[in-house]
Amino acid sequence: MSEENFWRPIVGIDLGTTNSAISYIRNGKPEIIPSAKGELLLPSVVLIDPLGNIVVGKDAKDALVAMPDRSIAAVKRKMGSLDNITIAGESFSPQEISALILKELKQQADQMYGEGEKEAVITVPAYFTDEQRRATKEAGELAGFVVERIINEPTAAALSFGLENLQGDRTFLVYDLGGGTFDVSVVEMFSGVLEVKASTGDRMLGGEDFDWRLVDWFAEKMISQYGVDPREDIRGKAALKEEAERVKIVLSSETSVSVMLPLVTVKDNRPIGLTAEVSREQFISLIEDLIVQTLERVTGVLQEAGVTANAIDEVLLVGGSTRIPYVREAIRSLLGKEPRSDVNPDEAVALGAAVQAGLKSGLLSESGLIATDVAPFSMGIAVLKESVSVRARPGGFAPVITRNTTIPVTRSQTFYTSAPGQTAVSIEIYQGEHEWVKHNHFLGEFMLDGIPENWENYEGIKVTFRYNLNGILEVAAESVSSGKQMSVTVQDALNRDSREVFEESARRLQKLWEAVPDETDADEDEDLDDWDLPPGELDEDDGEWDSEEDDLTPTLAHEDGRILAQRGHNALAVLKDTEQKKLSQALLALDEALQGEDVEALERAMEATTDLLIELEL
Ligand code: AMP
């Protein structure tokens, strides 16, 4: 293909803890690309179903309770870590799981643009570390995108708002509380230039934490009532988590909500359930300290930006958790300003990613919008540091780039060897704000050797930090006296993201994607329940369903049915004669349906059993 004909579509992606979305520019405006089913948000949940197929999105989310060991949610919280995630007995890195989500989004874009390479702008929380950004970029590449830019979520939200409001110079505060992370930024808009003045956040605070607070509250109730901790049962824990999110969401529109779970866990072969009433006040008391933490960050970011609350013209609330009325009230009373209500908290970030993509591709160049961003944290190296009580001791933090510096930025600083004749030095890189590195976040280290041997004087080493537009750091060091250069990226220092590891991941994922059943064999309106088992394929875990042996066509309905049947059988022991008989009959029908392939009959039997369990308050 000749250079001038070479065009690749570019999309914006919000890779969220809870939901993800993909967007593009259409007629000068950002729009979300819907899924084939017309859905704008894709739940960031991955399931490997009993047939070994990858399922991403709503169907995977629906299976979280029934198949907690086959599914994973909130993987964003693990991005950048070396944690492995086991689903269906197979181990994945967080970026591999994220790649599965991104691949699903890519398919949405493929439907619009046709298959082939696509460029992407992917958003991350402003407070994401270097390795979290690298992991996100790697996930995008594994999914087959050319990742053009990584941008900060609050900046993206400001961009989508800025494009709509180009006239007028204003200062706004973007408060972004999503499922897993919290960010807050002060942004100035001046003659079409959007400038992030300061940004801060917490990469481990979000709606997920609110859910877990409720789970703990439920669990305490069950412990005091039945002496059993449901969190120790993987299914019980998943059921409570699902209920907690439901309760939380209902409490955004109602003042109280009833919980009636007939079966959460089992003790001595008896089903243990949960019945409770949760009021909005009760919920607020469980999460209040977390909201207060976010407010403290808001106060902090105003100070860093050098503005008072009065100087904020607009407050933009982004992220699903800002739907909690108490959050809105708390911000309003802190800033004395009503937050805007015309910003869609679920879509603003994805739309902003498309705006950035449009600015990059030239589709929006006529808008005149220009955006600049900042480094939300300081980055520097470990040095010997004077302290009051002792002489110099190791572990001091010397920032090279200070927080809220506009990016891209290159800064150099000269440091000195600590002993005469020293020819090698280990350089440790950290991000954070504390004067001692042990309180900051370690990014990586590298050895610099070949320093000229000098017994007379300490040798100077010039360390250069380059922090690029993606928020990714590169470090170089140079001996001042010899001019000898040594260029290193932090990524090398961390020994992560190496080509071989990447290629191995790409191969593994490709195999998984190829294992998906041929679309042409599937029903047009394909649903999970309709998926057939490829001939002879086995579920690695238990080998229970062998299509060659018994010619059975198991589906997710079968999997759910088995769980329900097991619950029913467990419950029999606690019932009186007449009730026991009723349930036994329902279970007989269910067991029969489970032997066959008629999914509709199975679903009817499941419904009847569920109704009965509810009627019997089990
Ligand atoms: P995001 O990461 O922006 O997609 O936000 C997802 C988070 O928002 C999840 O923790 C959801 O449970 C939460 N969420 C979504 N809708 C609501 C609502 N109406 N009230 C409270 N939390 C919500």
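Which helices each supply at least two residues of the shell around the ligand? In this predicted model, they are helix H5, spanning residues 207-226, and helix H6, spanning residues 234-250. Helix H6 provides the largest share of that shell, with three residues. In total, 15 residues surround the ligand. Gly179, Glu245, Lys248, Ser252 and Gly320 are the closest of these.

The side chain of Lys248 places an N or O atom 2.6 Å from an oxygen atom of the ligand. From the backbone of Gly320, an N or O atom lies 2.9 Å from a ligand oxygen. Ser321 also takes part through its backbone, where a polar atom is 3.2 Å from an oxygen atom of the ligand. The ligand on its own has 510 Å² of accessible area, and the protein covers 88% of it.

Just after helix H8, the backbone of Gly336 adopts a positive phi of about 65°.

Asp49 is located in the loop that joins strand E5 (45-48) to strand E6 (54-56). Asp49 is buried but forms no salt bridge. A salt bridge would require a side-chain nitrogen of Lys or Arg within 4 Å of a carboxyl oxygen, whereas the nearest side chain of opposite charge, that of Arg70, is 6.0 Å away. The side chain of Asp49 does, however, reach the backbone nitrogen of Leu51, at 2.8 Å.

The final site lies towards the start of the chain. Pro9 belongs to the segment that precedes strand E1 (10-15). Is Pro9 buried or exposed? Pro9 has a relative accessible area of 7% and is therefore buried, the limit for that class being under 20%. When neighbours within four places in sequence are left aside, the contacts of Pro9 are with Tyr113, Glu117, Lys118 and Glu119.

Technical notes:
Residues numbered from 1 in each chain as written. Predicted model: local features only at pLDDT ≥ 70, side-chain atom pairs only at ≥ 80, totals over all residues. Heavy atoms only, no water. Helix = DSSP H or I, 4+ residues; strand = E, 2+ residues; numbered from the N terminus. Buried < 20%, exposed > 50% of the residue type's maximum accessible area, 1.4 Å probe, protein only. Lys, Arg positive; Asp, Glu negative; His and termini not counted. Polar contact = N/O pair within 3.5 Å; in protein donor to acceptor, adjacent residues only side chain to side chain. Near = heavy atom within 4 Å. Areas by Shrake-Rupley, 256 points an atom, 1.4 Å probe, with all protein chains shown as cover. Contact = heavy atoms within 4.5 Å.
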